[in-house]
Amino acid sequence: MTLQEGNAGSRYIVEKLELPVTLERRLEALGLIEGSFISILRKKRHGAMVIKVRGTRFAVGFGISTHIRVAKAQ
């Protein structure tokens, strides 16, 4: 599933980033790498979502969140 399909208040594990290399490297610098945990704090229908990765909160847009593959964390 993609990050955009996730629900607010849930926790996920990043499986794969399917983004352009420069954007992928930028997100990796922020701590968003394969195997890291993501919590969705707030989500708008077709807009940005606020996520928490390794203690840092930031927003990602619809175009980015649809290219991040995640799995539900146990």
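In what order do the elements of the chain run from the N terminus on? The order is β-α-β-β-β-α-β, which gives two helices and five strands. Helices here are DSSP runs of H or I with at least four residues, strands are runs of E with at least two, and both are numbered from the N terminus. The model is a predicted one, so to speak of local features takes a pLDDT of at least 70, and side-chain atom pairs count only at pLDDT 80 or more, while totals for chains, interfaces and linings use all residues. Residues are numbered from 1 along each chain as its sequence is written, and side-chain values use heavy atoms, with hydrogens and water left out.

Along the principal axes, the C-alpha atoms fill a box of roughly 30 × 25 × 20 Å. Of the 74 residues, 34% count as buried (under 20% relative accessible area; exposed is over 50% and partly exposed is in between, with a 1.4 Å probe and protein chains only). Among contacts (heavy atoms within 4.5 Å) between residues at least 6 apart in sequence, 58% join residues at least 24 apart.

Now for the inside. The largest nonpolar core holds 16 residues, and Leu3, Leu32, Ile38, Ile51 and Ile68 touch the most other members. Such a core is a set of buried Ala, Val, Leu, Ile, Met, Phe, Trp, Tyr and Cys residues joined through side-chain atoms within 4.5 Å. At least two residues of this core come from each of β1 (11–17), β2 (37–43), β3, β4 and β5 (68–72). Leaving aside residues up to four places away in sequence, Ile51 touches Leu3, Ile38, Ser39, Ile40, Leu41, Thr56, Arg57, Phe58 and Val60.

Glu24 sits in helix α1 (residues 21–29) and counts as buried, at 15% relative accessibility. Its contacts include Leu17 and Leu19, not counting residues up to four places away in sequence. Arg54, in the loop between β3 (49–53) and β4 (56–60), is exposed, with a relative accessible area of 58%. Arg54 also has a positive phi of about 50 degrees, although it is not a glycine.
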